[in-house]
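Me: I have a model open and want to learn to read its side-chain pairings. Can you take me through them one by one?

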Amino acid sequence: RFTQPVQKKLSFPDYADAVVVTCASSDYRPGCYDKEIPKFMDVLSMEDVFKVTALVQQKDSGYWYCHVLGHNLSSRETAKNPEKWKEVIPRCPMGMCSNGCIHGALQERFRKEKFSDKEMQSALPDLTDICDEKPNWHPTGMEQATCYHALGHLLMYLSDADTKKSVELCENIAKKPDGRDFLTVCYDGVFMQLFQPLEPEDFALVKGKTPTKEALKTFCAPYETRPQASCWSEGWPLYWDQVKKPAGLMSFCSVLPQGVMRERCYNGMFFIMASQFQLNTEKIIAFCREIPLPERNRCFANGAGRIIETDEKLVAQALAICAAAATVDAGDACYDELVMYSEFNFHSGSDVQKQLCDGLPPKWQTNCGSVSVR
């Protein structure tokens, strides 16, 4: 068992075998992997540890959602030389661990800092363009969106968990002059940081600032439409016993007015539930079948989208979700979502994009990989 830092350099399969054995008896294997795999960075590069992680995933299909591990690995890499934090982001693997690597690099650089208004203004140029394409980084739409989501988390550190100020900063950073708009994912990052702390520093940051379940609606009410919807939706952990059931999730979102706000809630919650089910396709399908139309369409579509957003090797599972959706009058929306993801999530002409497009029914193959999503 890895009770001490790793000292000996082994082959990648040996590392994978060892950590699977270490975590086999754990009550929650993904949490064990999140803790044990980063120890390999004592002797391996970040990139190589991700390669070991891929081997672990082949051995344990319950570990596809390794977002927290992505955080941990890039955090350790950034901590080696915080001044080179920008260089870590392009080294993160694409289409793996729900892009958690991008989050970790940003948060590690600024985790222990609180900025005055003047210092924040000085930092804005760095933050404004950090998620944009660069000579050494050609992000997909999903990678960019993930990066802006991470900035939402980061702004909470820099503002000492001032949600109002963080939302205002999202508006300075995540809405682009050329029309690109990453505001919703930035808002989501702000409120996710408040309601879903992971590390001891996260809990310390939001201590005494998180509303109770009974006060959530009042807490979110002062925000305008989009940030208010993010506030309510990201507050789902307060309502977990309710939202883990289809009828309870519907009731949770129906608190918001019809239109943009309620649609945002459904989109967010169906996306979240897929990861809460550890990407288990049978559980996702069973859950969505109990959602009434028309929201059933969105449930299946978001479930399939979350699958391939988490790991590009899961194309077959995403297609299986849409095939199941087609049996309950929700297939069209699900396949439409995969066509959108074919460009948003993958680079044009890539093998994984071809795999996705070739797996679609003929009706959807024509536009797959060519539809514009920006």
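Me: Which side chains does the salt bridge of Lys 244 bring together?
Reply: A salt bridge here is a side-chain nitrogen of Lys or Arg within 4 Å of a carboxyl oxygen of Asp or Glu. Lys 244 meets Asp 241 this way, at 3.7 Å from N to O. This is a predicted model, where local features need pLDDT of at least 70, side-chain atom pairs count only at pLDDT 80 or more, and totals for chains, interfaces and linings use all residues. Residues are numbered from 1 along each chain as its sequence is written, and side-chain values use heavy atoms, with hydrogens and water left out.

Me: Are Lys 244 and Asp 241 buried or exposed?
Reply: Go by relative accessible area: buried is under 20%, exposed is over 50%, and partly exposed lies in between (1.4 Å probe, protein chains only). Lys 244 has 36%, so Lys 244 is partly exposed. Asp 241 has 58%, so Asp 241 is exposed.

Me: How many salt bridges are there by this rule?
Reply: The count comes to 23. One of them pairs Lys 59 with Asp 17, at 2.8 Å from N to O. That pair links distant parts of the chain: Lys 59 sits in helix H3, Asp 17 in helix H1 (residues 12–23), and 42 residues separate them. Helices are DSSP runs of H or I with at least four residues, strands are runs of E with at least two, and both are numbered from the N terminus. Lys 59 is partly exposed at 47%. Asp 17 is also partly exposed, at 34%.

Me: Which residues are linked in a network of salt bridges?
Reply: Glu 47, Glu 77, Lys 80 and Arg 91.

Me: Now the disulfides. How many does a search of the whole structure find?
Reply: A disulfide is a covalent bond between the sulfur atoms of two cysteines. The test is a pair of cysteine sulfur atoms within 2.5 Å. The search finds 10. Among them is Cys 66 to Cys 97, with S to S at 1.9 Å. Cys 66 is in the loop between helix H3 (46–59) and helix H4 (67–80), while Cys 97 is in the loop between helix H5 (85–88) and helix H6 (100–110). The two are 31 residues apart.

Me: Why is the disulfide of Cys 66 and Cys 97 left-handed?
Reply: Look at the torsion about the S-S bond. For Cys 66 and Cys 97 it is about -95 degrees, so the disulfide is left-handed. Cys 66 is buried at 0%, and Cys 97 is buried at 1%.

Me: What do Cys 220 and Cys 231 form?
Reply: Another disulfide, with sulfur atoms 2.1 Å apart. Cys 220 lies in helix H12 (residues 216–220) and Cys 231 in helix H13 (residues 225–234), so the bond ties together parts 11 residues apart in sequence. Its torsion is about -75 degrees, so this disulfide is left-handed. Cys 220 and Cys 231 are both buried.

Me: Last one. Which residues is His 149 in contact with?
Reply: Contact means heavy atoms within 4.5 Å. Leaving aside neighbours within four places in sequence, His 149 touches His 103, Val 185, Cys 186, Asp 188, Gly 189 and Met 192. His 149 sits in helix H8 (residues 141–158). At 14%, His 149 counts as buried.
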